[in-house]
Amino acid sequence: VLTPAPVDMLFLHVPRWRDGRREIMVMPTGFTALANLMIDEGRSCAISHLGIEREADPGFSLQALLASTRPRLVLLTLHWHGQTRGVIDTARLIRKAMPRSTIVVGGLTASAFARDLVSAISAIDGVVRGDGERPLQVLARVVLDGVGSARDVPNLVWRDGGTVVDNGLSWVLDEATAGGLRHGSLRALRLRERYMSRALYADFSEGADGSEGYPLAAYLNAGRGCAAECVHCGGASSAQMLTSCRRGVLHYPVAKLLRDVREAVQEGARALRMSFDPPAARRHLRAWFDAIVADGHRLRAIYDVWHLASPSFVDLFSRTFEPGSMLIFSPECGNEQLRYRIRGLPFTNTQLLRSLADAEDRGLRTHCFFSAGLPSETPAQVEETARLIGQIRGTTRSGISVCPMVLDPASPLHVHPERYGVRLIRKTLRDYYEERGLPGGPGYETEHFDEQGILQACNRLLAAAGLSSLAGSA
Ligand code: B12
């Protein structure tokens, strides 16, 4: 067995363990790109994915990895709120093992709770808010080269003695920097073949078409940001402003996007999992897809449709990717007025059914996500959703998934619950750490449904779709 060599920077991804199942196994794509950026600057880096490590070797020890790699800078990603406990506990463990290392956290959830993390968790030396590229370049110079001071690091919240210092949130990724990023290459990742070949993410309801997940997938997007306001989304326009000071949408240059695909294919990817579809990006996506075709790649794609899938988009998608590629829609509910209130990019039921038919006519698979217990939703409206599910079942081959809409930090619902008539069960960093509320619950209750009621209403819809109840909620 090879002992891992020392590195300057160790990047760690901590998944979530729930009832023996591993969740949050996908790393933020930007995390691997950050490591690539540092390697391009001559730094020695490794990424360790603690879930993959433990699957490969049940005796894996983080302490042993730290002892052999001896990183001076340890970088943890706290992107998804479900990682909160795992990341904080891991930071504490690292602090114990390596009292003199610098431990810095970044990612969406860390950005939403940056000050709280630095003031409450002594194991964490700093939090980089928002986009991490420039901040990490400067941070590496400060920590590894002794050049400059922590005050120079944009977007950093850190501790100076006993005081929490907030450097402000000012740096946001620009097109020129994005052009140099490499989101397709996993070269810094330990056990990268295992990561690539495992189905990491099973987003669909148990028993639904596609619920076995998809191995050999690369998680690539044409850009980042969003201009719409979906009330539950921690990536909504207002949330982007809070977590990343991003206005609108950034498109990555097509040459970079094509390099990402090539590098992902070299890593073994046979499918692309894409979730970036603001209306303004469709023209840009077209250019990327044309380049993918011209380059001769034969890939499957699993694609989240954020708004309407026009016939021309469906056509382009089906010509670019292999048969069996999938478009995923999120109508959330059957009542159109409610959908217009909670979803930033709504569509009518007729438009949805037409898009599903268009996609299936072109050999694509489709999937629809529904939920229940949405802000202001009544039990009668849940029945409208059940009827729409019945109609989809009767007229299409679409897969159906139903899950509660889980409260994202920094989402409109999290910031202004009173505006939507909901009461939050999870609000603070501590609430997320303790995973307050029901396991798998939405983290809020409405005037018509408490958390238990929301899970029951979801089960009612799952039954309408012929699927089994949510795990642990029967
Ligand atoms: C694409 C996407 C996905 C892709 C995954 C893409 C990926 N590998 O990153 C898929 C479809 C698989 C996915 C799954 C999930 N997602 Co999602 N996803 C998105 C989406 C649409 C875009 C994310 C994005 O633009 N990333 C780009 C930037 C922001 O991130 P990045 O480049 O990876 O990382 C940068 C920074 O965060 C930071 N950074 C990150 N880590 C670190 C660490 C350090 C040390 C530093 C310095 C910096 C740093 O620097 C990076 C470079 O700039 C957002 C919604 C939106 N419009 O934003 C939701 C979103 C991020 N997802 C969310 C959620 C909840 C999930 C799921 C848990 C459930 C779900 N909705 O399906 C799963 C988790 C799956 C898993 N991990 O196994 C929430 C997160 C809310 C929260 N705070 O927890 C969001 C905001 C909205 C939503 N509800 O869907 N998602």
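This is a predicted model: local features need pLDDT of at least 70, side-chain atom pairs count only at pLDDT 80 or more; totals for chains, interfaces and linings use all residues.
Residues are numbered from 1 along each chain as its sequence is written, and side-chain values rest on heavy atoms, with hydrogens and water left out.

The shell around the ligand comprises 38 residues, of which Thr77, His81, Glu133, Tyr201 and Asp408 come nearest; a residue is taken as near the ligand if one of its heavy atoms lies within 4 Å of it. By residue class the shell divides into 18 nonpolar, 15 polar and five charged residues, where Ala, Val, Leu, Ile, Met, Phe, Trp, Tyr, Cys and Pro count as nonpolar, Asp, Glu, Lys and Arg as charged, and the others, Gly among them, as polar. Helix H1 (29–40), strand E5 (73–77), strand E6 (102–106) and helix H5 (108–112) each supply at least two residues of this shell, and H1 gives the most, with four residues. Helices (H or I, at least four residues) and strands (E, at least two) are DSSP runs, numbered from the N terminus.

A polar backbone atom of Gly30 lies 2.9 Å from an oxygen atom of the ligand, and an N or O atom in the side chain of His79 is 3.4 Å from an oxygen atom of the ligand.

In helix H10 (residues 237–244), the buried residues are Ala239, Gln240, Thr243 and Ser244; buried denotes under 20% relative accessible area, exposed over 50%, and partly exposed the range in between, with a 1.4 Å probe and protein chains only. These residues lie on the same side of H10 because they cover an arc of only 105° around the axis, the arc being that of the directions from the helix axis to the C-beta atoms. Among the elements covering the buried residues of H10 are H5 and strand E11 (223–225), with contact meaning heavy atoms within 4.5 Å. Cys245, which follows H10, has a positive phi, near 45°.

In helix H13 (residues 311–320), Phe313, Val314, Leu316, Phe317, Ser318 and Thr320 are buried, and these residues pack against helix H12 (282–294), strand E14 (300–304), strand E15 (326–332) and helix H15 (349–361).

Glu263, located in helix H11 (residues 254–266), counts as buried because its relative accessibility is 13%. Apart from neighbours within four places in sequence, Glu263 is in contact with Arg182, Gly184 and Ser185. His251, in strand E12 (residues 249–251), counts as partly exposed at 22% relative accessibility. With neighbours within four places again set aside, His251 is in contact with Glu175, Ala222, Gly223, Phe276, Ala280, Ala281 and His284. The C-alpha atoms of His251 and Leu285 are 9.1 Å apart, although 34 residues separate the two in sequence.

The structure holds zero disulfides, a disulfide being a pair of cysteine sulfur atoms within 2.5 Å. For Cys333, the nearest cysteine sulfur is that of Cys230, 12 Å away, and Cys333 is buried, with a relative accessible area of 0%. For Cys458, the nearest cysteine sulfur is that of Cys403, 7.0 Å away, and Cys458 is likewise buried at 0%.

Terms used
A polar contact is a pair of N or O atoms within 3.5 Å; within protein, one must be able to donate a hydrogen and the other to accept it, and residues adjacent in sequence count only if both atoms are side-chain atoms.
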